[in-house]
Amino acid sequence: TVVRRANRLRPAYAKVPKDGMEPKFYNSKPEAVREILAAIAGCDVRIIHVTVDKYAYGSRFYGIYGNDLYRRVLDSLLFEVTSLLRGSDVDISIDRSRFISLDEFKSISERNCSMNGCNLTRCEKRSSDQSPCIQIADYVAGTIYRSFRDGDDTLIQIISEKIVVARTD
């Protein structure tokens, strides 16, 4: 998810359940998910996603698994994102995970920003409880995953006008 200013996601974040559980797509009630997605649709945000079928023969990601797959897809996604932000200062955050080290993430981010003429001002891994943007991105990712996995486009239609790059590799 790309936003010019993180505070532009406030209307969507206000809809995220605050019931003591870590807010995630998979543990939220369907009504809450729809409300969050509707709020995202009203925000100044652009959504870029790459959906990978690692079993599709001929895909550039075919036969790549685990952390290497994560790194390569992240690299592809960051190239798409930074190409939209030429000449801008850029802060990049991803969910804290073990799939990639902070040093690897910074290296990929710096290279893509350099290739696309962006100024990387901050690059960090954050947990969702530290970042409303990460929480919102989880709802977007869950929606895209459901569409791809189940062929159910009901939820993705709510945010479809915000999707500027959608690619399946």
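Helix 3 (residues 66-84) packs against helix 4 (residues 102-115) at an angle of about 35 degrees, their axes lying 9 Å apart; helices (H or I, at least four residues) and strands (E, at least two) are DSSP runs numbered from the N terminus. Axes are lines fitted to C-alpha atoms, for helices over the stretch in contact, and angles run from 0 to 180 degrees between N-to-C directions. The model is predicted: local features need pLDDT of at least 70, side-chain atom pairs count only at pLDDT 80 or more, and totals for chains, interfaces and linings use all residues. Residues are numbered from 1 along each chain as its sequence is written, and side-chain values use heavy atoms, with hydrogens and water left out.

In this packing, Arg71, Leu74, Asp75, Leu78, Phe79 and Thr82 of helix 3 meet residues of helix 4 that include Glu104, Phe105, Ile108 and Met115; contact means heavy atoms within 4.5 Å. A salt bridge is a side-chain nitrogen of Lys or Arg within 4 Å of a carboxyl oxygen of Asp or Glu. The two residues are 4 residues apart, about one turn of the helix. The structure holds 9 salt bridges.

Another of these pairs joins Arg122 to Asp91, with the closest N and O atoms 3.1 Å apart. Because Arg122 lies in strand 4 and Asp91 in strand 3, the pair ties together parts that are 31 residues apart in sequence. Arg126 and Glu124 also meet through their side chains in a salt bridge (3.7 Å, N to O). Through shared partners, salt bridges join Asp91, Arg122, Glu124 and Arg126 into one network.

Buried means under 20% relative accessible area, exposed over 50%, and partly exposed in between (1.4 Å probe, protein chains only); for charge, Lys and Arg count as positive and Asp and Glu as negative, while His and the chain ends are not counted. A polar atom of the Lys125 side chain lies 2.5 Å from the backbone oxygen of Ile100. Beyond four places away in sequence, Lys125 touches residues including Ile94, Asp95, Ile100 and Phe105.

Asp95 belongs to strand 3 (residues 89-95) and counts as partly exposed, at 31% relative accessibility.

Methods
A polar contact is a pair of N or O atoms within 3.5 Å; within protein, one must be able to donate a hydrogen and the other to accept it, and residues adjacent in sequence count only if both atoms are side-chain atoms.
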